[in-house]
Amino acid sequence: MESFVIKDHYEIYVPSQIGTILDKIGDIPHCVDWKDRKKHILEIPCAFDIETTSFYYKDEKRAIMCEWTFGLLNYVVVGRTWQQFVEMLEELQERLDLGENKKLLCYCHNLSYEFQFMRKWLDWISVFSVDERKPVKALCSYGVEFRCSYILSGYSLDTVGKNLTRYKVKKLVGGWNYNLYRHPETPLTEEELHYCINDVVVVMAYIQERIEIDGGINKIPFTKTGYVREYCKKACYEDKNPTRGARFQYYYYREKMRNMTLEREEFELLRHAFQGGFTHSNPLRTNKVQYNVKSVDETSAYPYAGVSEAEYPTSKGYLVKIESMKQFETYLQEYCCVFEVYFEGLEPRFEYDSYISSSHCTLLSGETIVNGRVRKAHRIATVVTHIDFDIIRKCYKWDKMKVGKFYRYYKGYLPKEIIESILKFYADKTQLKGVMGKEIEYMAGKENVNSIYPKWNDGNKPYSTDLRIW
């Protein structure tokens, strides 16, 4: 198979010429899927992108695909209809013997978008999504598995192009006027075609770099945080003490994780309590010009918290019954806690900020909402951690409070292996910055340290109202 290169000019092939492209490429090597060794993956960069036109029909917004680009190694195919795309996939399957056990990975930058247009044109064997209408991978019956390069990289296509270190190619800007109406028979200019092709080439260049850096296409994870997870898992399982058995650390760590396994009800409670950063503006200052403003940027806050804090839950959760205020305060002081809480007559202690998010409430009546936050309410129920509760009682006062399900966890530091991993990522980011010849290592360290904090989707599922009165 020929090597991947960046060309100054790409010859445009039509969908019916996919066989000609395969003849030019030659034999494509394949590797074992390390998650299922009975399956194989073709070791070749491949990308897909569409351009669409949106319009209104009978006061309803509609959109159609008017152009698609398919890239395979050093070649690009431009098509205009989904029928052409399906016929091309049929020939790809026949020529490459693709199926559920032998796949071609095709990356789309924002698969969520492309998937909504092509989902009814193909038969799907499996689809994995991280959220509603957010597929990470989707395997069709033709043996082509579409994956999302945006979720993998964490960056816009423009930033991906700028971050490339081995294959220099940047996303083009302004080559496609999105205000024009187009359909599959609308002639495309050379500039428009060049714009479409460039988007696919950027993705292929990024995937080729990942193949070379990661050691194979089968080692590229689904998401950006997959790199961090695999590194940390390996660090936790490896035994660096030669005096112990070769598998001592592996079994030791597996047992530690087994002792911290969450029950379903407990997991749902924790998931509901999770929320992002507090970034709302002060309602008393909003839409007003502020003068003589100063700010301080706290750098590397997440890595610092990961290595220095001793406030992480380090045990299995224990469901306890709260029977007194003294017991409640003791648990909040000595343990990590998550629990259901109910307030009556909730009032703010000050006017300029509100902490409780209305979207996290399982019960809410007589409320006043400011920018998505509860300023006051007659009755309110939500799920909080011990940290949340400490902030809530500084921000609010209330007439009555009840506590429902209450889980407590022993506090402690993160495992030593995790702390060492964080320090390694941080060292790669800081020590290699600006060093000639270490651009790839620096970029990898920067991405890893930014990924050490995992993203979770917060839930809004209501919980039981089995609330006990003190």
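Reader: Is aspartate 199 buried or exposed?
Author: This is a predicted model, where local features need pLDDT of at least 70, side-chain atom pairs count only at pLDDT 80 or more, and totals for chains, interfaces and linings use all residues. Residues are numbered from 1 along each chain as its sequence is written, and side-chain values use heavy atoms, without hydrogens and water. Buried means under 20% relative accessible area, exposed over 50%, and partly exposed in between (1.4 Å probe, protein chains only). Aspartate 199 has 5% relative accessibility, so the residue counts as buried.

Reader: Which residues does aspartate 199 touch?
Author: Aspartate 199 is placed in helix H6 (residues 190-214). Helices (H or I, at least four residues) and strands (E, at least two) are DSSP runs, numbered from the N terminus. Contact means heavy atoms within 4.5 Å. Leaving out residues up to four places away in sequence, aspartate 199 touches Asp49, Glu51, Leu157 and Lys171.

Reader: At what angle do the axes of helix H1 and helix H2 cross?
Author: Axes are lines fitted to C-alpha atoms, for helices over the stretch in contact, and angles run from 0 to 180 degrees between N-to-C directions. H1 covers residues 18-25 and H2 covers residues 82-96. Their axes come within 10 Å, and the crossing is at roughly 35 degrees.

Reader: Which residues of H2 meet H1?
Author: The H1 side brings Ile18, Gly19, Leu22 and Asp23. The H2 side brings Met88, Glu91, Leu92, Arg95 and Leu96.

Reader: Why is the pair of tyrosine 250 and tyrosine 251 edge-to-face?
Author: Rings of Phe, Tyr and Trp (its six-membered ring) pair if their centres lie within 6.5 Å; planes under 30 degrees apart count as stacked, over 60 as edge-to-face and the rest as tilted. By this rule there are 30 aromatic pairs. In this one the ring centres are 5.3 Å apart and the planes are at 80 degrees, so the pair of tyrosine 250 and tyrosine 251 is edge-to-face.

Reader: The charged end of which residue sits over the ring of tyrosine 335?
Author: Tyr335 belongs to a cluster linked by ring pairs, with Phe339 and Trp398 among its members. A charge sits over a ring if NZ of Lys or CZ of Arg is within 6 Å of the ring centre and within 35 degrees of the ring normal. Here the charged end lies 4.5 Å from the ring centre, and the residue is arginine 408.

Reader: What is the phi of asparagine 110?
Author: Most residues other than glycine have a negative phi. Asparagine 110 lies in the loop between strand E7 (102-108) and helix H3 (111-118). Asparagine 110 is not a glycine, yet its phi is positive, about 95 degrees.
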